[in-house]
Amino acid sequence: MKIGIIGAGQLGSRHLQGVKIAEETINIDVVDPSEESLRIAKQRYEEIPENNFLKKVCYLNSISQMSGELDLVIIATSSKNRLSVIKDLLSSKKVKNMILEKVLFQTKEEYYEAEKLFEKYAINVWVNCPRRMFSYYKNIKDSIQNDKIIFQVVGGDWGLGCNGIHFIDCLAYLSGQREITITTNGLDNKIHSSKREGYYEFSGTLTGKTERGDVLVLSSLEKMNEAPIVTILSGSNKFIIDEINRKMILSSTGNLEIQEIEVPFQSQLTGRIIKDLINNEIELTSYKESMELHLPFVKSLLEFYNDTTGEEGNSCPIT
């Protein structure tokens, strides 16, 4: 099996660790123009113990150096240059499957352009919003069945622009609803610099509503150190999830239960994703569905960004 990872930064290097865990013989091409990023990726790869399945890793500086045919490519670059990376890749390599990191793209046009490319080259594409793979969210989905949901996340500076799509995707998974309207009037009237240069963040509360009436409330509170807590209300069920401390409180018809939950790291997930891909059982969000969820999110934040800064751009600077 041949796998490519483009972008060897924080997420890309964790994907690489996950590939090493996979119970498959794999040739891996890791691409990043930064020698420092490649060095760190190699160091992290070597932290993971060997298993019985042979892996060969090539650390490369350009897409042109990659293998001509690839079974899977994971694109873990920032949002700003992701489409250009995809174009470069598909113009010279044959790719069967692709996993994209989020936020996907910054402009509406890029989403549709990418969709046409994936159709043209007949590529299976998923987006790495992995909470659909977590056992406790699967159990919650089974518990709530078809009841409407109130999905709330409250915490301090947890990266609303960067991470909000994870929770929008989670609500879509639990509710089965793809059409969601996003409202920004609860956001703080300011823009924050992101820890990633050239990108920005938001604080305050973002709200949303699905077509059938499910409610989304995402609050990232400025200058607070509180870890985000997820609260899900549906019918007589209430779930309070603390992913940092790996605890979940369940309340149903007066009964209260505290459970320990498994919140896997990306390095623990990628090997499983490879296995699921081979078995045609992949659980990640398809590109088409994720595109439907991304577009109202990116559109609303772009409008808020322009209104707040006085700019008139068409690119939402989040990643």
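Good morning. Helix α5, residues 135–144, packs against helix α6, residues 160–175, at an angle of about 45°, and their axes lie 9 Å apart. The axes are lines fitted to C-alpha atoms, for helices over the stretch in contact, and the angles run from 0 to 180 degrees between N-to-C directions. Helices (H or I, at least four residues) and strands (E, at least two) are DSSP runs, numbered from the N terminus.

This is a predicted model, in which local features need pLDDT of at least 70 and side-chain atom pairs count only at pLDDT 80 or more, while totals for chains, interfaces and linings use all residues. Residues are numbered from 1 along each chain as its sequence is written, and side-chain values use heavy atoms, with hydrogens and water left out.

To return to the helices, α5 and α6 are therefore oblique to each other; angles under 35 degrees count as roughly parallel, over 145 as roughly antiparallel, 65 to 115 as roughly perpendicular and the rest as oblique. From α5, the residues Y137, K138, I140, K141 and I144 meet C170, Y173 and L174 of α6. Six residues of this contact are nonpolar, none is polar and two are charged. Here Ala, Val, Leu, Ile, Met, Phe, Trp, Tyr, Cys and Pro count as nonpolar, Asp, Glu, Lys and Arg as charged, and the others, Gly among them, as polar.

The lining has 50 residues, and Q10, L11, K102, N163 and R196 lie nearest the centre of the pocket. By class, the lining divides into 20 nonpolar, 18 polar and 12 charged residues.

I turn now to single residues. Y199 sits in the loop between β9 and β10. Because its relative accessibility is 8%, Y199 counts as buried (under 20% is buried, over 50% exposed and in between partly exposed, with a 1.4 Å probe and protein chains only). Leaving aside neighbours within four places in sequence, Y199 is in contact (heavy atoms within 4.5 Å) with residues including S79, Q106 and P317. Y199 and S79 are 120 residues apart in sequence and 9.6 Å apart in space, C-alpha to C-alpha.

Notes
On a 1 Å grid over the protein atoms alone, a cavity is a set of points where a 1.4 Å probe fits but cannot get out, and a pocket is an open set with protein on both sides within 12 Å along at least five of seven lines; lining residues have an atom within 4 Å of a point.
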